[in-house]
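Subject: Structure handover

Hello,

Here is the structure I said I would pass on. Please open it before you read further; my notes follow below.

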Amino acid sequence: MGNKAITKMKNTILSNYKSEISEIVLFAKRINYNIENGIEELMLLWLQNGLKFQQFVEDNKADFIRTTKTFIK
């Protein structure tokens with residue numbers, strides 16, 4: 001794959017998944033993740049965290065909605 005093709009692929013990924021990438025980067029910073037441990041491990045941790053958060057929201061739906069509304073206003 002040539003440099004132009006790689007650049008195009010990177011630009012496509014960034015334009016299509018910018019918010020997801022930003023979310024993963026913020027998560028990695030929050031947990032002080034060492035990227036040398038591998039992206040696969042980071043993705044697994046991020047997905048596990050998302051599942052825990054989803055369960056938390058389901059268990060505390062009314063409180064979550066009330067709190068989220070304060071941030072949206």
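Which side chains meet in a salt bridge? Those of Asp 63 and Arg 66, with 2.2 Å from N to O. Keep in mind that this is a predicted model.

A search of the whole structure finds 1 salt bridge. Both partners sit in helix H3, which covers residues 61-72. Asp 63 and Arg 66 are 3 residues apart there, so about one helical turn separates them. In general, an α-helix has 3.6 residues a turn, so residues three or four places apart point the same way. Asp 63 has a relative accessibility of 41%. That value lies between the 20% and 50% cut-offs, so Asp 63 counts as partly exposed.

Now the overall picture. The protein has 3 helices and 0 strands. From the N terminus on, the order is α-α-α. The radius of gyration is 17 Å, whereas the globule rule gives 11 Å for 73 residues, so the protein is more spread out than a compact globule. Its C-alpha trace spans about 50 × 30 × 20 Å along the principal axes. Buried residues make up 11% of the 73 residues. The protein exposes about 6600 Å², and carbon and sulfur atoms supply 60% of that area.

Next, helix H1. This helix runs over residues 3-30 and has 28 residues. Its end C-alpha atoms are only 33 Å apart. A straight helix would reach 40 Å at 1.5 Å a residue. Where is the kink in H1 centred? Look at Tyr 17: the kink there is about 85°.

H1 also has buried residues. They are Ile 24, Phe 27 and Ala 28. What covers them includes helix H2, residues 39-59. After H1 comes Asn 32, with a positive phi near 55°.

Last, helix H2. Met 43 has its place in this helix. Is Met 43 buried, exposed or partly exposed? Its relative accessibility is 28%, so Met 43 counts as partly exposed. Met 43 and Glu 58 are 15 residues apart in sequence. In space, 23 Å separates their C-alpha atoms.

Then go to Ile 24, Phe 27 and Ala 28, the buried residues of H1. Finish at the salt bridge between Asp 63 and Arg 66.

Best wishes

Key. Residues numbered from 1 in each chain as written. Predicted model: local features only at pLDDT ≥ 70, side-chain atom pairs only at ≥ 80, totals over all residues. Heavy atoms only, no water. Salt bridge = Lys/Arg side-chain N within 4 Å of Asp/Glu carboxyl O. Helix = DSSP H or I, 4+ residues; strand = E, 2+ residues; numbered from the N terminus. Buried < 20%, exposed > 50% of the residue type's maximum accessible area, 1.4 Å probe, protein only. Expected span 1.5 Å × (residues − 1). Bend = angle between axes of the 7 residues up to and from the residue. Contact = heavy atoms within 4.5 Å. Rg over C-alpha atoms; globule rule 2.2 N^0.38 Å. Areas by Shrake-Rupley, 256 points an atom, 1.4 Å probe, with all protein chains shown as cover.
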